[in-house]
Amino acid sequence: MDVHGPALFHTPSGILEGVGTSRSKRCISELQGLFVDEAARQALDPAQVVYEVYMHNACEEVEGGLFFGVSHVYPGKVGAEYFMTKGHFHAKKGHGEYYWGIDGAGLLVLMNEQRASWTEPIFPGSLHYIPGCVAHRLVNTGARILKVGACWPADAGHDYASIQQAGFSVRVIERDGRAELVQAVRPPDHC
Ligand code: S6P
Ligand code: ZN
């Protein structure tokens, strides 16, 4: 890949455009098994966007390279569970990542290989270092689109299968108008 000239990173819109950039989206229809309430998911508009990812790929998936992206997680819920990303470990487990909050409010859910989970609040200006061997997922607990920047090693890859098989050990739900962390009662995610 041969990318010349600067791309554009608009803030606070979180939109990337120009050379080397791309955009992908995940709709409700693609996320079977991700949320605990499958019946509630099926009752939603299949075309509802749950999240989009803007990417800047200036290199191949090579050791020493870097990828840059901005995730936009839409506000909404499936049943009581907030819209979220699939979440993943990196395929090269030891590779870490930086996230930073651009707009909106949410939680970064983290889980190590022993399935211990913890969260960090995301807000404009928040900075998050995700160590290697730690799965990560974005959850939008606010009323605006949650926009989060990310930079990670280009050869990190994504291990979605581990999350599909065992899920995260916690879920984020709304209870009495507030975000609450609950132990996952039905681990396997199947999206
Ligand atoms: C990539 C980075 C993000 C996510 C994005 C979507 O390593 O962590 O760009 O890809 O937030 O989440 P997911 O879990 O569907 O890849
Ligand atoms: Zn990642």
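## Strands that pair

Two strands pair if DSSP finds at least two bridges between them. Strands S8 and S13 pass that mark, with five bridges joining them. They run antiparallel. One bridge can be named: Trp-100 has Gly-149 as its partner in S13. The model shown here is predicted.

## The whole chain

The chain has two helices and 15 strands. Its radius of gyration is 16 Å, close to the 16 Å that the globule rule gives for 191 residues, so the chain is as compact as a globular protein of that length. Along the principal axes, the C-alpha atoms fill a box of roughly 50 × 35 × 30 Å.

How much of the chain is buried? Of its 191 residues, 43% count as buried. The accessible surface comes to about 9100 Å². Carbon and sulfur atoms make up 54% of that surface.

Take the contacts with a separation of 6 or more: residues 24 or more positions apart account for 68% of them. The chain has 16 positive and 21 negative side chains. The centres of these two sets lie 5 Å apart.

Strand S5 covers residues 66-73. Seven of its eight residues are buried, so the rest of the structure largely encloses S5.

Which strands does S5 pair with? One is S4, residues 49-56, joined to S5 by six bridges. Another is S13, residues 146-153, joined to S5 by eight bridges. S4 and S5 run antiparallel, and so do S5 and S13.

His-72 shows both pairings. On one side of the list, Glu-52 has His-72 as its bridge partner in S5. For the other pairing, the partner of His-72 in S13 is Lys-147.

## Strand S8 and Asp-103

S8 is mostly covered, with five of its seven residues buried. Besides S13, joined to S8 by five bridges, strand S11 (residues 127-130) also pairs with S8. Four bridges join S8 and S11, and the two run antiparallel. In this pairing, Glu-97 has Ile-130 as its bridge partner in S11.

Asp-103 belongs to S8, which spans residues 97-103. Is Asp-103 buried or exposed? Its relative accessible area is 14%. Buried means under 20%, so Asp-103 counts as buried.

What does Asp-103 touch? Leave aside its neighbours within four places in sequence, and its contacts are Pro-12, Pro-124, Arg-144, Ile-145, Leu-146 and Lys-147. Gly-79 is 24 residues away from Asp-103 along the chain, and their C-alpha atoms are separated by 24 Å.

## Strand S1 and Phe-9

Phe-9 sits in strand S1, residues 8-10. Its relative accessibility is 34%, so Phe-9 counts as partly exposed.

Set aside residues up to four places away in sequence, and Phe-9 touches Gly-14, Ile-15, Leu-16, Phe-68, Val-70 and Ile-102. Ala-58 is 49 residues from Phe-9 in sequence. In space, the two are 14 Å apart, C-alpha to C-alpha.

Key: Residues are numbered from 1 along each chain as its sequence is written. Chains are lettered from A and ligands numbered from 1 in the order in which they are written. This is a predicted model: local features need pLDDT of at least 70, side-chain atom pairs count only at pLDDT 80 or more; totals for chains, interfaces and linings use all residues. Side-chain values use heavy atoms; hydrogens and water are left out. Buried means under 20% relative accessible area, exposed over 50%, partly exposed in between (1.4 Å probe, protein chains only). The radius of gyration is taken over C-alpha atoms; the globule rule is 2.2 Å times the number of residues to the power 0.38. Contact means heavy atoms within 4.5 Å. Accessible areas come from the Shrake-Rupley method with a 1.4 Å probe; for residues, only the protein chains shown count as cover. Lys and Arg count as positive and Asp and Glu as negative; His and the chain ends are not counted. The place of a charge is taken as NZ of Lys, CZ of Arg, CG of Asp or CD of Glu.
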